[in-house]
Amino acid sequence: MYKTKETFVTAFALFSLFFGAGNLILPPQLGFKSGELWWLVTLGFCISAVLIPLCGILAHAKLQGTIFDFGKKVSPAFSLIYSFIIYAISISLPSPRTASVTHEMAIAPFFSTSSLLTSIIYFVLVFIFVMNRSKILDIIGKLLTPAIILILLTIIGVTAFSFELVFGATAFAHPFSHGVLEGYQTFDAIGAVVVGGVIIISINLKNTDAGYEEKKGLIRRAGWLAGLALLLIYAGLIFTGALMHGEFDAAISRTGLLNGISIKTLGNTANLFLSILVGLACFTTAVGIVTGTADFVKYRFGDSQRVYTITAVVGCLLGIVMGQFNVGYIIAVAFPALMFIYPITIVLILLNILPNKFASPLVFKSVVMATIIFSIPDFLGSIGLEDLIAPIKGWIPLGSLNMGWVLPAVLGFVLANVMEMKRDFPELKK
């Protein structure tokens with residue numbers, strides 16, 4: 001039986017895995033615009049930014065594998081394509097976003113240098129660290145997360161006790177679904193699939209004498225603790241943003257709002273400290289993404305160090321190109337890709353945590369195919385073709401909420417399992 005200390009250490013590792021600097025900038029503005037319905041937005045946000053990612057960790061615990069294992073039951077070819085798409089998205093969007101967040105929070109408020117210069121210096125340093133791996137990033141990461149959490153809890157506490165509990169009107173037509181879709185932008189479900197296996201491997205190496213069920217129990221308990229912590233932080237930040245509805249201009253940016261809230265609650269000195277911490281946290285995230293991508297491509301090409309170096313160079317060049325844009329632009333660019341790949345990631349996670357008797361290869365194929373087909377209208381709508389596909393989406397249940405894939409995926413799951421039952425029990429055909 002694992003000790004309480006080991007459970008908390010694992011829970012902290014899981015929390016650190018999901019809670020990156022990019023996650024900081026999303027909840028405050030979500031609350032700022034949600035008004036009196038902040039709690040409904042929080043519920044939607046935490047489904048896609050907390051519950052699904054933690055399910056991804058449980059799926060890794062069951063599979064004891066890598067990202068490639070998530071889609072193997074569909075087909076090895078599908079799994080390979082899916083893996084490459086996930087890594088391509090990772091180095092093209094969330095990695096550059098870390099540079100953009102760093103510039104807007106830690107550089108622009110204090111220096112007048114360009115975002116391009118920040119992006120160049122930032123990813124040159126990322127490349128150096130990727131090519132010369134060092135434990136210093138792990139040490140920094142362990143120190144950064146507690147410091148950021150402490151500051152955030154202080155901001156939430158000061159706001160809760162200093163501002164009247166008065167909320168504005170919501171700016172969202174569908175608060176719950178908007179919260180779910182905004183949770184996509186955390187990239188946490190993708191993070192769970194990509195690097196969740198690192199946590200599992202670490203647990204296996206440190207606890208070689210423990211059995212499968214014992215390790216799974218540890219991950220389950222730690223997962224609930226990490227999920228509770230994420231829920232409290234996200235809900236607190238959304239609540240804080242909702243209480244600040246009259247303090248800032250309605251068009252304020254995400255990073256501008258977080259900076260403004262920290263100044264109002266903690267003062268300029270604490271805001272400077274938070275900015276530095278966020279910048280360092282962003283950097284460790286970028287190094288992790290580029291390193292993970294390079295490792296994957298290297299493995300697929302016969303462990304070639306040259307391929308590793310080329311992938312790292314490409315990842316850093318993409319970071320420079322995209323990282324010079326503001327955070328809002330990168331989030332807008334990411335939206336279409338997430339509208340397509342996130343639903344597929346969600347169903348793969350959920351299918352992989354189910355008992356095998358309910359998740360046969362036929363079930364995987366049926367659910368994933370239904371999800372892909374019915375994600376296409378949402379994807380087309382996200383790239384500006386909403387008028388063209390509006391009649392189609394009108395016929396799809398939940399289509400108006402950009403979640404038209406949900407019911408077809410459920411239907412595919414049910415029908416495929418019925419077919420499996422008829423195959424296993426021929427008397428049901430009569």
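Buried means under 20% relative accessible area, exposed means over 50%, and partly exposed lies in between (1.4 Å probe, protein chains only). This is a predicted model, in which local features need pLDDT of at least 70 and side-chain atom pairs count only at pLDDT 80 or more, while totals for chains, interfaces and linings use all residues. Residues are numbered from 1 along each chain as its sequence is written, and side-chain values use heavy atoms, with hydrogens and water left out.

A salt bridge here is a side-chain nitrogen of Lys or Arg within 4 Å of a carboxyl oxygen of Asp or Glu. By this rule there are three salt bridges.

| Salt bridge | N to O distance |
|---|---|
| Asp69 and Lys72 | 3.0 Å |
| Arg254 and Glu182 | 3.3 Å |
| Lys264 and Glu247 | 3.3 Å |

In the pair of Asp69 and Lys72, Lys72 has a relative accessible area of 41% and is therefore partly exposed.

The salt bridge between Arg254 and Glu182 links distant parts of the chain, 72 residues apart: Arg254 lies in helix α12 (residues 254-266) and Glu182 in helix α9 (residues 175-184). Helices are DSSP runs (H or I, at least four residues), numbered from the N terminus. Both Arg254 and Glu182 are buried.

Lys264 and Glu247 form another salt bridge. This pair also links distant parts of the chain, with Lys264 in helix α12 and Glu247 in the loop between α11 (212-243) and α12, 17 residues apart. Lys264 counts as partly exposed because its relative accessible area is 43%. Glu247 is at 36% relative accessibility, so Glu247 is partly exposed as well.

Key. Helices (H or I, at least four residues) and strands (E, at least two) are DSSP runs, numbered from the N terminus.
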